[in-house]
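Thank you all for making the time this morning.

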Amino acid sequence: MVARSDIAIAQAAQMKPIRAVAADKLGIAETALEPYGAFKAKVGLDYLETLGDRPPGRLVLVTAINPTPAGEGKTTTSIGLGDALNRLGRRSITCLREPSLGPCFGMKGGAAGGGHAQVVPMEDINLHFTGDFHAIGAANNLLAALVDNHIYWRHEPRIDPRRVTWRRVVDMNDRALRAIVSSLGGVANGFPREDGFDITVASEVMAIFCLARDLDDLKARLARIVVGYTPEREPVTAGDLKAAGAMAALLKDAIKPNLVQTIENNPVFIHGGPFANIAHGCNSLIATRAALRLAEIVVTEAGFGADLGAEKFFDIVCPEGDLRPSAAVVVATVR
């Protein structure tokens, strides 16, 4: 017997309408959902605010030994654990990060689990999903454009073009864009300077997005981003450029957590996706805090090994979100 591929298993899944998963598994009314087709939805922030008085569930972190190039299987383990808890009659939600197109089209591949422990619709989740990463990239690049415009018009506080620290992003592995020279082509295009692109998941906007508690907190955190320095080496922030409001406007829909399902029709929040070797490597705090008010047990994961994602989860995410994990699962393989 030939084992079926992950994509064959995912495409054969009998998905339920996401409104049915939300209602049957979590008690979320259809009016609280913003559907993206039949099988994906965002959960409205107004509804999430009504959950504040509910007692929180138990939180379980899935981490791993130092990962090999192929990964260790944290996502697959997280999904399988969530399915197992639901089979045991416990109301459980799994919280995961959104996949980045860079790894999806690179050596590592998708990030929707494997075998019969997958989230679906798998192709949608691995590709554009609900557009959150595009919104985050747009917010990042809006700030980059405002920085260059600020320099061009010589606004105060003056930014030294040699000391700009804010880079552009694209959600793709493209080594040719890592280091570039921008603003070429004459006076009308600004002051030529060294610049470069990072991958979207490495943006500070992504890290902020996943640590913010709500839209106001998001805006306040965006305003504190340091974009460069004056000739006197004083820091210049996004707030100095009055950029935070416009950036938050681009993120007003993205900040709502995404609800999908496993192959066994159990609920999963997939929201945000910072890398753990660059940022804290966990899904959004908004999704995790919402899940804790909706379920008995919440399973979440932290990226890379325990020395990166798990340590940052305990040292950064838990204090920021007032989280109290009840257990940790360590995935280990012999390779």
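This is a predicted model: local features need pLDDT of at least 70, side-chain atom pairs count only at pLDDT 80 or more; totals for chains, interfaces and linings use all residues.

The side chains of D198 and R167 meet in a salt bridge, with 3.0 Å from N to O, where a salt bridge is a side-chain nitrogen of Lys or Arg within 4 Å of a carboxyl oxygen of Asp or Glu. D198 lies in strand β10, residues 197–199, and R167 in the loop between α7 (132–152) and β7 (168–170), so the pair ties together parts that are 31 residues apart in sequence. Helices here are DSSP runs of H or I with at least four residues, strands are runs of E with at least two, and both are numbered from the N terminus.

D198 is partly exposed, at a relative accessible area of 30%, and R167 counts as partly exposed too, at 29%; buried means under 20% relative accessible area, exposed means over 50%, and partly exposed is in between, with a 1.4 Å probe and protein chains only.

Residues are numbered from 1 along each chain as its sequence is written, and side-chain values use heavy atoms, with hydrogens and water left out.

How many salt bridges does the structure hold? There are 17. One of them joins E296 and R90, at 3.1 Å from N to O, and this pair links distant parts of the chain, since E296 sits in the loop between α11 (285–294) and β15 (297–301) and R90 in the loop between α4 and β4 (92–96), 206 residues apart. E296 is partly exposed at 35%, and R90 is likewise partly exposed at 39%.

A further salt bridge, again 3.1 Å from N to O, is formed by R221 and D217, which both lie in helix α9, four residues apart, or about one turn of the helix. R221 counts as buried, because its relative accessibility is 16%.

Just after α4, G89 takes a positive phi of about 90 degrees.
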